[in-house]
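Subject: Structure handover

Hello,

Here is the structure for you to look through. My notes follow below it.

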Amino acid sequence: MTLRALFGTALTALLLAGCDGGGEQAAAVPDPVEVSAEATGHYCGMLLQDHAGPKGQIHLASRAEPVWFSSVRDTVAFTRLPEEPDDIKAIYVNDMARAGDWDSPAAGTWIEARGAWFVIGSRQRGGMGAPEAVPFGAETDARRFADENGGRVVPLADIPDDYVLGEVQLGEEPAASDPAPAHDEQAGASGHSGH
């Protein structure tokens, strides 16, 4: 290929990129939004402020407002269900090391779930009393929580589907004979609460 042909190809590519008309904007990741008094859980239809524990929000390319979740477990379930939209631009959850209060996580504690660490199978309950996937921004914070509350530490991709999608008895505490010790390789309680 001649120098002139290479220059022409490069110029054409630049012109086409310039005509994209906002491709860079479309790829921009939206910032998290703070929970408003009207924020309603996608699955339960109830106000988020009425639920204790970490919350979630998913931003979709096809929707201006985030999809809200009263638990992180439901947030993860949304990403695994084939009937839900898959045009996800961002998944935010509360970093419970910075949340301050389990019952009402503080504003400004949102982290991107795809870079977070989760404690599953702990004694701590979320949402409407269902087992929770408790998120942390730092692995050391997640391990400290698991040491104190049981469970195991995993990244988002390693949360088992049955942990977020299966049946669950709400408010049921883990059996004393099955404490789900920290850092073990067994999955915690299974089931999707649907809340």
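**Around G56**

Leaving out residues up to four places away in sequence, G56 touches V67, W68, F69, S71, T75, Y92, V93 and W110. Contact means heavy atoms within 4.5 Å. G56 lies in strand β1, residues 56-60. Helices (H or I, at least four residues) and strands (E, at least two) are DSSP runs, numbered from the N terminus. G56 counts as buried because its relative accessibility is 0%. Buried means under 20% relative accessible area, exposed over 50%, and partly exposed in between, with a 1.4 Å probe and protein chains only. G56 and V35 are 21 residues apart in sequence, and 9.6 Å apart in space from C-alpha to C-alpha.

Two points on the source. This is a predicted model, in which local features need pLDDT of at least 70 and side-chain atom pairs count only at pLDDT 80 or more, while totals for chains, interfaces and linings use all residues. Residues are numbered from 1 along each chain as its sequence is written, and side-chain values use heavy atoms, with hydrogens and water left out.

**The whole chain**

The protein chain has five helices and nine strands. From the N terminus on, the elements run α-α-β-β-α-β-β-β-β-β-β-α-β-α. Of the 195 residues, 42% count as buried. Take contacts between residues at least 6 apart in sequence: 67% of them join residues at least 24 apart.

**The four-strand sheet**

Four strands form an open sheet in the order β2-β1-β3-β4, with antiparallel pairing. Two strands pair if DSSP finds at least two bridges between them. β2 (67-69) and β4 (110-112) stand at the edges with a single partner strand each, so one side of each has no neighbour in the sheet. From one strand to the next, the twist averages 25°. Axes are lines fitted to C-alpha atoms, for helices over the stretch in contact, and angles run from 0 to 180 degrees between N-to-C directions.

Strand β3 (residues 88-94) pairs with β4 over three bridges, in the antiparallel sense. Y92 stands opposite E112 in β4. Helix α3 packs on this sheet and touches β1, β2 and β3. The direction of α3 makes about 30° with that of β1.

How many of the nine residues of helix α3 (residues 72-80) are buried? Seven are, so α3 is largely enclosed by the rest of the structure. The buried ones are V72, R73, D74, T75, V76, A77 and F78.

**The three-strand sheet**

Another open sheet has three strands in the order β8-β5-β9, and the pairing is antiparallel. β8 (134-136) and β9 (152-155) are the edges, each with a single partner strand, so one side of each is left without a neighbour in the sheet. Neighbouring strands here are turned by 35° against each other on average, direction ignored.

Three bridges join β5 (residues 117-120) to β8. V119 stands opposite V134 in β8. Helix α4 (residues 139-149) packs on the sheet and touches β5, β8 and β9. The direction of α4 makes about 10° with that of β5.

Of its 14 lining residues, V35, Q49, K55, S104 and P105 are the closest to its centre. On a 1 Å grid over the protein atoms alone, a pocket is an open set of points where a 1.4 Å probe fits, with protein on both sides within 12 Å along at least five of seven lines; lining residues have an atom within 4 Å of a point.

Best wishes
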